[in-house]
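Q: Could you walk me through how to read some features of a structure, one at a time?
A: Gladly; let us look at it together.

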Amino acid sequence: MQTQTEQLLEKKMSFESFGLRPEILRAVAEKKYTIPTPIQEKAIPLVLAGKDLVGCAQTGTGKTAAFALPILHRLQGTPWKGAGRRPIRVLVLTPTRELASQIAESFGAYGKHTTLKHATVFGGVNQGPQAQALRRGIDILVATPGRLLDLMSQGLVQLRTVETFVLDEADRMLDMGFIHDIRRVIDQLPAKRQTLFFSATMPREIQGLADTILRDPVRVAVTPVATPAEAVEQRVHYVEKSEKIKLLKHLLDGPAIKNALVFTRTKHGADAVTRQLERYQVRAEAIHGNKSQNAREKALASFKRGATRVLVATDIAARGLDIVDLSHVVNFDLPNEPESYVHRIGRTGRAGASGIALSFCSFDERPFLADIERLIRKHLPVAEDSTYRSGYGAGTPTDLDPRHAHGAGALSQVHPGMPGHQGKHDASGTRPDGRPGRSRRESKWTPGFGASKPAARHSEHRRAEW
Ligand code: AMP
């Protein structure tokens, strides 16, 4: 017998309690979701109530269902009754092709028992099938900005009828230089609409964009980006560049790694690691922006199937990848932006599963490690496996107190003369070694929302990577 409290708890925590339509609840049950994730619990009632929303949540928190379920509910409850082909009533804008495909797949799965139709448009592939789907008429359009604008300019997409606009991964959009494209798209949307705005981080620029496109929004924040999933066990290997591939091979030879997503900083690096792994007879494939859409989808599918054991990716290509059952994330190169570390390791340990994140840190990457440790506010344990350990020994523990990081004293915890460290806090925005650093403007931060420190953004560098 359940107690009254248990019954109440159960009621509160179920998808039924949102009052979603039965055809949607059926699809949710088929996906085997029983308990809404925190972002779903918070956002679904607000979206159902027609509110504008700023959601500070990264991929992996269940945010797609948080907006897709209430959207599907509303559309299905108010079907288009006009003559002619159905108008686009929902537009979801997302930065990458992979994310667009995944979001569309989710709309397909959650809406499979509804009569609603959706389509996806993104660049890098022939527009023919996309144009055809648009001509047939769809309720929901999931798009990346460039291709959407192309199709709009050809008169194939009309946005006048959009009732709900979802801007997904807004911070990434800005990083990738999409701000003008986004504004051009928004100009074509009706002023009276519901807007749902999602971003993993909320730096000032993103906040500014949100302020201009949302009306009286409700804010919902879950698992700030500075907090990696609890379920992810993290370790650092101090290893020099030339030994990294051998260490990776050594670890792959052991039984612990079932499958691994390996991150490199550059596309070139991803290809090189893949080639070397193949030489070692490890089944590996690379995904990055130089690969065709088809090649990337095939590589991802083969990895998900288990046919490929290692997927090597750059940050942007891997952004938002939804890989259930990923045992390890390996940071072959440490990211130069600490937030990317959190995004990367969030690919494992999803939905309550456990996962392991291994970071390979060479001598010149130690400042990046310090940045990461300050962001997540803890020291990464050093891996016990000492094979291929760096000749420089382990690093001195990072001073996690960010107050110290503003003066010269901040350097006491890293090797003096470490390239590129001190300049990070140089208001000129340039590191002593001439590399771009964090600018004064970027160092302003809106406290209390999202991550705990400003994001160092090097958009031009990132775009070059993609
Ligand atoms: P997302 O953040 O939307 O990319 O979702 C991350 C992953 O969580 C996807 O694999 C979803 O299928 C899964 N997911 C979403 N909502 C739930 C839920 N309530 N229970 C279990 N898994 C979920």
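Q: What covers the buried residues of α10?
A: The cover includes β1 (53-56), α8 (170-175) and β6 (194-199). Bear in mind that this is a predicted model.

Q: Which residues of α10 are the buried ones?
A: In helix α10, which spans residues 204-213, they are Ile 206, Leu 209 and Ala 210. Viewed down the axis of α10, these buried residues fall within an arc of 100 degrees, so they line one face of the helix. On the other side of α10 you find Gly 208, Asp 211 and Thr 212, which are exposed.

Q: How should I read the packing of two helices?
A: Two packed helices are described by the angle between their axes and by the distance between those axes. Take helix α3 (residues 38-48) and helix α4 (residues 63-77): their axes come within 9 Å and cross at roughly 25 degrees. That angle makes α3 roughly parallel to α4, since angles under 35 degrees are counted that way. The crossing in which α3 passes α4 is right-handed.

Q: Which residues make the contact of α3 with α4?
A: From α3 come Ile 39, Gln 40, Ala 43, Ile 44, Val 47 and Leu 48. From α4 come Lys 63, Ala 65, Ala 66, Phe 67, Leu 69, Pro 70, Ile 71 and His 73. Sorted by class, the contact of α3 with α4 has 11 nonpolar, two polar and one charged residues.

Q: At what angle do α4 and α5 pack?
A: Helix α5 covers residues 97-110, and α4 packs with α5 at an angle of about 45 degrees, the axes being 10 Å apart. This makes α4 oblique to α5. The crossing of α4 and α5 is right-handed.

Q: Which residues of α4 and α5 meet?
A: On the α4 side they are Thr 64, Ala 65, Ala 68, Leu 69 and Leu 72, and on the α5 side Ile 103, Ser 106, Phe 107 and Tyr 110. The contact of α4 with α5 divides into seven nonpolar, two polar and no charged residues.

Q: What should I keep in mind when I read phi?
A: Most residues other than glycine have a negative phi. Lys 32 has a positive value, near 65 degrees, and it is not a glycine. You will find Lys 32 in the loop between α2 (22-30) and α3. Tyr 388 also is not a glycine and has a positive phi, of about 60 degrees. Its place is the loop between α16 (366-376) and α17 (459-465).

Q: Is Lys 32 buried or exposed?
A: Lys 32 counts as exposed, because it has 6 C-beta neighbours inside 10 Å; the cut-off for exposed is 12 or fewer.

Q: And Tyr 388, is that residue buried or exposed?
A: Tyr 388 is buried, with 20 other C-beta atoms within 10 Å.

Q: How far apart are Val 342 and Ile 376 in sequence and in space?
A: They are 34 residues apart in sequence and 8.1 Å apart in space, taken from C-alpha to C-alpha. Val 342 sits in helix α15 (residues 338-345), and it is buried, with 26 other C-beta atoms within 10 Å.

Q: How would you describe the chain as a whole?
A: The chain has 17 helices and 13 strands. Of its 466 residues, 47% are buried. Among the contacts between residues at least 6 apart in sequence, 73% join residues at least 24 apart.

Key:
Residues are numbered from 1 along each chain as its sequence is written. This is a predicted model: local features need pLDDT of at least 70, side-chain atom pairs count only at pLDDT 80 or more; totals for chains, interfaces and linings use all residues. Axes are lines fitted to C-alpha atoms, for helices over the stretch in contact, and angles run from 0 to 180 degrees between N-to-C directions. Helices (H or I, at least four residues) and strands (E, at least two) are DSSP runs, numbered from the N terminus. Angles under 35 degrees count as roughly parallel, over 145 as roughly antiparallel, 65 to 115 as roughly perpendicular and the rest as oblique. A crossing is left-handed if the near helix is turned anticlockwise from the far one by less than a right angle, and right-handed if clockwise. Two residues are in contact if their C-beta atoms, placed from the backbone, lie within 7 Å. Ala, Val, Leu, Ile, Met, Phe, Trp, Tyr, Cys and Pro count as nonpolar, Asp, Glu, Lys and Arg as charged, and the others, Gly among them, as polar. The arc is that of the directions from the helix axis to the C-beta atoms.
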